Amino acid sequence: MKKNILALSVLAISTATVLAGCGSGASKEASAGGTTSKKTDLAMTVGSKDNTENHLIGEMYAEIFEDMGMKVTRKLSLGGTAPTFEALKKGDLDIYPEYTGTGLTVMLKQPVEKDQKKVEQTLSEGFKQWNLEWLESAPENATYGFATKKETADKYKLESISDLAKHSSELTLSYPQEFDVRDDSLPGLQKAYKDKGGFKFKKQFQIDYSLRYNPLKEGQSDVTVSVGTDGQISGMGLKLLKDDISFFPIYHVAPLVRKEKLDKEPAIKERLNKLSKLLTDEAVQKMNWQVDGPDKKEIEAVAKAFLKENKLIK
């Protein structure tokens, strides 16, 4: 009888130990981001616009969520701002990377504001109307600009946007989708320079965002619309013209996320804020060039390498 009781006691202790071990493994995970969070059944649908940088950052969000134990659906490179934002509002997406200048002027229809603290406050409050939250913005500034070959800049003495305005009638411009219709882009510049030639080009044409440097390379355009974090600027040795009239808004990237997802898993905010702090101009330019430059690395590989290097995922 004593043997039976002893055997049952040992079995009970062993079973309890096994269950405790299973329970701790199922309920918690130590993340590479430095926090310990419960595993969750939360599913996240991650989107992005159809350009290298936005796709890259969207992939980083997805990798972080998977590291947190979430089921992730990727809907990356959806298109421009309008379809991506509509998908988020409808609930077809839960999160995507957006930019402060776009959020302020395009979605919230507010004038350009140079005080970035005011911008962040406006964004934080403004997106609540759609039950969306604007998380911490990164230091990188993916603002619009104009890039040209150095020989073209030398020929026309192009140093600034105002110089470009003087010679626009002699030059061909290539630009990505939406640049010719948004107030913070070409139409706004044409208003700003209406008394100085109107910023009208000899010829202008649209090119897919991912291909916008090809016309420069192939001699089909003299000037192309660039973004401050583009790897091609340094990689191709191009001249980036100065925004001497401070026309373009600041474009810091930030996660735009559905509020109900944050309510269910508050740790999302902490993990993504850690990532945002590391997204500097230099870091993003380097990653963009790894994808768009001669190495032609896969976006997923570049995103994962950056996150692991910075101990943001396991």
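Me: Helix 2 and helix 13: are they roughly parallel or roughly perpendicular to each other?
Reply: Helix 2 and helix 13 are roughly perpendicular to each other, because their axes cross at roughly 105° and 65 to 115 degrees counts as roughly perpendicular (under 35 is roughly parallel, over 145 roughly antiparallel, the rest oblique). This is a predicted model, in which local features need pLDDT of at least 70 and side-chain atom pairs pLDDT 80 or more, while totals for chains, interfaces and linings use all residues. Residues are numbered from 1 along each chain as its sequence is written, and side-chain values use heavy atoms, without hydrogens or water.

Me: And within what distance do the axes of helix 2 and helix 13 come?
Reply: The axes of helix 2, which covers residues 52–67, and helix 13 come within 10 Å. Axes here are lines fitted to C-alpha atoms, for helices over the stretch in contact, with angles from 0 to 180 degrees between N-to-C directions.

Me: Which residues make that contact between helix 2 and helix 13?
Reply: Helix 2 contributes Thr52, Glu53, Leu56 and Met60, and from helix 13 come Val284, Met287, Asn288, Val291 and Asp292; contact means heavy atoms within 4.5 Å.

Me: How many nonpolar, polar and charged residues does the contact of helix 2 with helix 13 have?
Reply: The contact of helix 2 with helix 13 has five nonpolar residues, with two polar and two charged ones beside them. Ala, Val, Leu, Ile, Met, Phe, Trp, Tyr, Cys and Pro count as nonpolar, Asp, Glu, Lys and Arg as charged, and the others, Gly among them, as polar.

Me: Stepping back, how many helices and strands are in the chain?
Reply: The chain holds 14 helices and 12 strands, taken as DSSP runs numbered from the N terminus (helices H or I of at least four residues, strands E of at least two). Of its 314 residues, 52% count as buried, where buried is under 20% relative accessible area, exposed is over 50% and partly exposed lies in between (1.4 Å probe, protein chains only).

Me: What share of the contacts join residues at least 24 apart?
Reply: Taking contacts in the chain between residues at least 6 apart in sequence, 75% join residues at least 24 apart.

Me: New topic, backbone angles. Which residue other than glycine has a positive phi?
Reply: Phenylalanine 199 is one of them, with a positive phi of about 60°, and serine 77 also has a positive value, near 60°. As background, most residues other than glycine have a negative phi.

Me: Where is serine 77, then?
Reply: Serine 77 sits in the loop that runs between strand 4 (71–75) and helix 3 (81–90), and there serine 77 is partly exposed, its relative accessible area being 32%.

Me: What about phenylalanine 199, buried or exposed?
Reply: Phenylalanine 199 is buried, with a relative accessible area of 0%, and its place is in the loop between helix 8 (186–192) and strand 9 (203–206).

Me: Where does phenylalanine 201 lie?
Reply: Phenylalanine 201 lies in the loop between helix 8 and strand 9, and phenylalanine 201 is buried, at a relative accessible area of 10%.

Me: Which residues does phenylalanine 201 touch?
Reply: Leaving out residues up to four places away in sequence, phenylalanine 201 touches Leu164, Ser168, Ser169, Leu171, Leu173 and Leu186. The C-alpha atoms of phenylalanine 201 and glutamate 170 are separated by 6.7 Å, although these residues stand 31 residues apart along the chain.
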